[in-house]
Amino acid sequence: MAPIEEDNLPRKRQVLEKPRFDGWDVSQLQEYIVELKGEIARAEVAIGARNDHRSAAEAFFRKP
C-alpha cells in the first residue's frame, strides 16, 4: 500500500479575519469589495465544475 501524501489530503479552510474599516476611505472599501467579488466568482466557478462532474457521473450510472 502506498503511503498517504499530505499534499493530497484536503486542507482545512482558513477563516478570513474581518478587517477593521476604521480609517479606510471609500476607494479602499470599493477595492476591497472588488477583491471579494472576485473570490466569490472563483468559488462559483468551482461549484459549477463540481456540479457538472456530479451530473456527468449520475448520467453515466443512471439505469436505462
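User: Where is Glu 39 found: in which helix?

Analyst: Glu 39 sits in helix α1, which covers residues 26-61. Helices here are DSSP runs of H or I with at least four residues, strands are E runs of at least two, and both are numbered from the N terminus. The protein chain comes to one helix and zero strands. Keep in mind that this is a predicted model, where local features need pLDDT of at least 70, side-chain atom pairs count only at pLDDT 80 or more, and totals for chains, interfaces and linings use all residues. Residues are numbered from 1 along each chain as its sequence is written, and side-chain values use heavy atoms, with hydrogens and water left out.

User: Is Glu 39 buried, exposed or partly exposed, and why?

Analyst: The rule goes by relative accessible area: under 20% is buried, over 50% is exposed, and partly exposed is in between (1.4 Å probe, protein chains only). Glu 39 counts as partly exposed because its relative accessibility is 44%.

User: How many of the 64 residues count as buried, as a percentage?

Analyst: For the 64 residues of the protein chain, the buried share is 0%. The accessible surface of the chain is about 7,100 Å², worked out by the Shrake-Rupley method with a 1.4 Å probe, and for residues only the protein chains shown count as cover. Carbon and sulfur atoms hold 57% of that surface.

User: What is a salt bridge, and how many are there by this rule?

Analyst: Side chains of opposite charge can pair when their charged atoms come close. The rule asks for a side-chain nitrogen of Lys or Arg within 4 Å of a carboxyl oxygen of Asp or Glu. The count here is three salt bridges.

User: Which residue forms a salt bridge with Glu 39?

Analyst: That's Arg 42, with the closest N and O atoms 3.1 Å apart. Both residues lie in helix α1, three residues apart, which is about one turn of the helix. Arg 42 counts as exposed because its relative accessible area is 56%.

User: Which side chains meet in the other salt bridges?

Analyst: Asp 22 pairs with Arg 20 at 2.8 Å, N to O, and both of these residues are exposed. Arg 54 pairs with Glu 58 at 3.4 Å, N to O. Arg 54 and Glu 58 are separated by about one helical turn, because they are four residues apart in helix α1. Arg 54 is exposed at 56% relative accessibility, while Glu 58 is partly exposed at 44%.

User: Which residues line the largest pocket?

Analyst: The lining is made of Lys 12, Arg 13, Gln 14, Leu 16, Leu 36, Glu 39 and Arg 42, so our salt-bridge partners Glu 39 and Arg 42 turn up again. A lining residue has an atom within 4 Å of a pocket point; a pocket is an open set of points on a 1 Å grid over the protein atoms alone, where a 1.4 Å probe fits, with protein on both sides within 12 Å along at least five of seven lines.
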